[in-house]
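User: Hi! Could you walk me through this one? I'd like to hop between a few spots.

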Amino acid sequence: FAGVSFSGTLLLPKDWEDVKARHLEILAQVPPELSHLVADDFLGWAPGRSRRSSNGLYSSSVEGLRSFEAGISLASRAVGQRVAIVGDSFTFGLEVPFEDSWGAVLERTPGSNVAVLNLGVDGYGVDQALLRFERDGRGWKPAVAILGFIEHDLHRTLSVYPFVTFPEWGLPFAKPRFVLKNGGLERLTDRLASPTLIMTEPAIGDLPFIAHDPGFKPDEWDHHWYHASFAVRFLLSRFRRWPSLNQETYYGELERLNVALVSRFINVAKADGTIPLIVFFPARNDFTQGEHPARDPVLASLRRAGVEYTDLTSCVGALGEKAFIPGRPHYSAAGNAAVATCLLPVVRQALMREQDETRTTAGRRPD
């Protein structure tokens, strides 16, 4: 999506006009697997309300949560306790029917009087999951709130324009970006540009806050006279001269920022009387890749901070390849079922704790 490729190599400099043209084509005809999503100037993107994807696999309620049928009202259901789940495509249950997603399976197991509200959204980073809970989850007054993430979500948190950092991402959405300032979290902007507006910028360097996106390297977009030679472009692209990303700076910010976001989620939930649960979902590369420079430091930092979390690596790993859809990155129906089974005792314990705390609070008498 960024210009001409030769022999498997994208020729530098990248072409912003080509990026714009191709993404405008996508906006004109959204792929079926992404058609349930709409632009959201606060979150970047989110499931539309009362929507059904053109491939028929995904539906949303009138409140914009994943549901078994488009247009149903989840708020009208009479339930005793609610469990809100936020995260990315692994939480949403991408590539499996609603009834096979782990949230739906979990709802069927704790008891008929517990509702699991699926606020997961494919492509989200930890920052968007937090904001989704704050805006769309808190109002449900859930007894328990689960924040789930995979390792890649930690990288997404640092991005401003996912289509720049992750060219395989299909839609030209912007996303929220937090920075750490004076020991706290600060959001760069509360309102994000629409995809159409993004694609009207004359140069990629004109995009707001693009300098905060680690995927943006100005040298990859700058045109010079010697780029008139196809051979020169190929050599410069195949054997790059400029320095790579500063790994220490990048991973240091990644760790600090994601830990701060998880901590904020916990504090926000507790302030509402909701019990927060943190869950790590393993992806395929967690079983094939030796080093995990994003995942391991973040999990270690959470442990040092006294944050309890549930690591589902052994749970999913017990199924082997059956946990994943063949040739795809997401969990199969069997993988989703395993997740629900492994989370069930954790969720049950949290629900019982919430009931006990509610009784204790109700039983108090003012002096």
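**A chat about the model**

Analyst: Happy to! Let's start with Ser53, which is buried because its relative accessible area is 3%; buried means under 20% relative accessible area, exposed over 50%, and partly exposed in between, with a 1.4 Å probe and protein chains only. This is a predicted model, where local features need pLDDT of at least 70 and side-chain atom pairs count only at pLDDT 80 or more, while totals for chains, interfaces and linings use all residues. Residues are numbered from 1 along each chain as its sequence is written, and side-chain values use heavy atoms, with hydrogens and water left out.

User: Thanks! Where is Ser53 found?

Analyst: Ser53 sits in the loop between strand 4 (44-47) and strand 5 (59-60). Helices (H or I, at least four residues) and strands (E, at least two) are DSSP runs, numbered from the N terminus.

User: And what is Ser53 in contact with, leaving aside neighbours within four places in sequence?

Analyst: With those neighbours set aside, Ser53 has contacts to Pro32, Ser35, His36 and Tyr58. Contact means heavy atoms within 4.5 Å.

User: Nice. Zooming out, how many helices and strands does the protein chain have?

Analyst: The protein chain has 13 helices and 13 strands. Of its 367 residues, 52% are buried. Among contacts with a separation of 6 or more, 68% are between residues 24 or more positions apart.

User: Let's talk pockets. How much space lies in the largest pocket?

Analyst: The largest pocket holds about 840 Å³. The search runs on a 1 Å grid over the protein atoms alone: a pocket is an open set of points with protein on both sides within 12 Å along at least five of seven lines, a cavity is a set of points where a 1.4 Å probe fits but cannot get out, and lining residues have an atom within 4 Å of a point. Grid points are joined across faces, edges and corners, and a volume is the space filled by probe spheres set on the points.

User: Which residues lie nearest the centre of that largest pocket?

Analyst: Those are His152, Arg156, Glu168, Pro329 and His330, out of 33 lining residues. Helix 2 (89-92), helix 5 and helix 10 are the elements giving two or more residues to this lining, and helix 5 gives the most, with four residues.

User: How do the residues of that lining divide?

Analyst: The lining of the largest pocket has 15 nonpolar, eight polar and 10 charged residues. Here Ala, Val, Leu, Ile, Met, Phe, Trp, Tyr, Cys and Pro count as nonpolar, Asp, Glu, Lys and Arg as charged, and the others, Gly among them, as polar.

User: What about the second largest pocket, what volume has it?

Analyst: Its volume is about 440 Å³. Of the 17 residues lining the second largest pocket, Ile275, Pro276, Leu277, Glu308 and Arg353 are closest to its centre. Helix 9, strand 12 and helix 13 each supply at least two lining residues there.

User: Switching topics: how many disulfides are there?

Analyst: The count is one disulfide, where a disulfide is a pair of cysteine sulfur atoms within 2.5 Å. Cys315 and Cys342 form the disulfide, with sulfur atoms 2.1 Å apart. Cys315 lies in helix 12 (residues 313-317) and Cys342 in helix 13 (residues 333-363), so the pair ties together parts that are 27 residues apart in sequence.

User: What is the torsion about the S-S bond of Cys315 and Cys342?

Analyst: The torsion is about 95°, so this disulfide of Cys315 and Cys342 is right-handed. Cys315 counts as buried at 11% relative accessibility, whereas Cys342 counts as partly exposed at 30%.
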